[in-house]
Amino acid sequence: MKLTTRGHYSVKALLDLSLQPGYAPASVRAIANRQDIPAPYLEKLLIEMRRAGLVKSIRGTQGGYQLAREPAKISIGQILQAVGDTI
């Protein structure tokens, strides 16, 4: 299976969120640094995934993005569809 950069970054971002202790919120900057993804590009992808209901955003100093549902209930197909990508 071959993914575009857009799809690859989206999957990496959600994997990073799923590895957070207690699925706690993570900032865009923290995810971007850990996964080596440009932060402005990642922000756009996370906004698209938020609109699709895969992640939710939390405001404030301890805020960021977190999964909107359990990782086992999110498929790669749903992630790709959220960002307008295909396999």
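## Where H1 meets H2

In this predicted model, Lys 12, Ala 13, Asp 16 and Leu 17 of helix H1 meet Ile 31, Arg 34 and Gln 35 of helix H2. "Meet" here means contact, with heavy atoms within 4.5 Å. Sorted by class, this contact of H1 with H2 has 3 nonpolar, 1 polar and 3 charged residues. The classes go like this: Ala, Val, Leu, Ile, Met, Phe, Trp, Tyr, Cys and Pro count as nonpolar, Asp, Glu, Lys and Arg as charged, and the others, Gly among them, as polar.

How do you describe such a pair? Two packed helices are described by the angle between their axes and the distance between the axes. For H1 and H2, the axes come within 10 Å and cross at roughly 110°. That makes H1 roughly perpendicular to H2. Axes are lines fitted to C-alpha atoms, for helices over the stretch in contact, and angles run from 0 to 180 degrees between N-to-C directions. Angles under 35 degrees count as roughly parallel, over 145 as roughly antiparallel, 65 to 115 as roughly perpendicular and the rest as oblique.

## Reading the labels

Residues are numbered from 1 along each chain as its sequence is written. Since the model is predicted, local features need pLDDT of at least 70, side-chain atom pairs count only at pLDDT 80 or more, and totals for chains, interfaces and linings use all residues, while side-chain values use heavy atoms, with hydrogens and water left out. Helices (H or I, at least four residues) and strands (E, at least two) are DSSP runs, numbered from the N terminus.

## H1 also packs on H3

On the H1 side, the contact is made by Arg 6, Tyr 9, Ser 10, Ala 13, Leu 14 and Leu 17. On the H3 side you'll find Tyr 41, Leu 42, Leu 45, Leu 46, Glu 48 and Met 49. The residues of this contact of H1 with H3 divide into 9 nonpolar, 1 polar and 2 charged.

## The two sides of H2

Now take a look at H2, which covers residues 28–35. Its buried residues are Val 28, Ile 31, Ala 32 and Gln 35. Buried means under 20% relative accessible area, exposed over 50%, and partly exposed in between (1.4 Å probe, protein chains only). Seen down the axis of H2, the buried residues fall within an arc of 100°, so they line one face of the helix. That arc is the one of the directions from the helix axis to the C-beta atoms. The face turned away from the buried side carries the exposed residues Arg 29 and Asn 33.

What covers the buried residues of H2? The cover includes helix H1 (5–18), helix H3 (39–51) and strand E2. Zoom in on Gln 35, which counts as buried at 18% relative accessibility. Leaving aside neighbours within four places in sequence, Gln 35 is in contact with Lys 12 and Asp 16.

## The hairpin

Strand E1 (residues 55–58) and strand E2 (residues 64–67) run antiparallel, joined by 4 bridges. Two strands pair if DSSP finds at least two bridges between them. As an example, the bridge partner of Ser 57 in E2 is Tyr 65. The hairpin has 5 residues between the strands, and there Gly 60 takes a positive phi near 110°.

Most residues other than glycine have a negative phi, and most peptide bonds are trans. Tyr 23 has a positive phi, near 55°, and lies in the loop between H1 and H2. Tyr 23 is partly exposed, with a relative accessible area of 38%. Asp 36 has a positive phi too, of about 55°, although it is not a glycine. Asp 36 sits in the loop between H2 and H3 and is exposed, with a relative accessible area of 64%.

Pro 25 is in the loop between H1 and H2. Not counting residues up to four places away in sequence, Pro 25 touches Ile 58, Gln 62, Gly 63, Gly 64, Tyr 65 and Gln 66. Over in the segment before H1 is Leu 3. Leu 3 and Leu 80 are 77 residues apart in sequence and 9.0 Å apart in space, C-alpha to C-alpha. Leaving aside neighbours within four places in sequence, Leu 3 is in contact with His 8, Val 11 and Leu 80.
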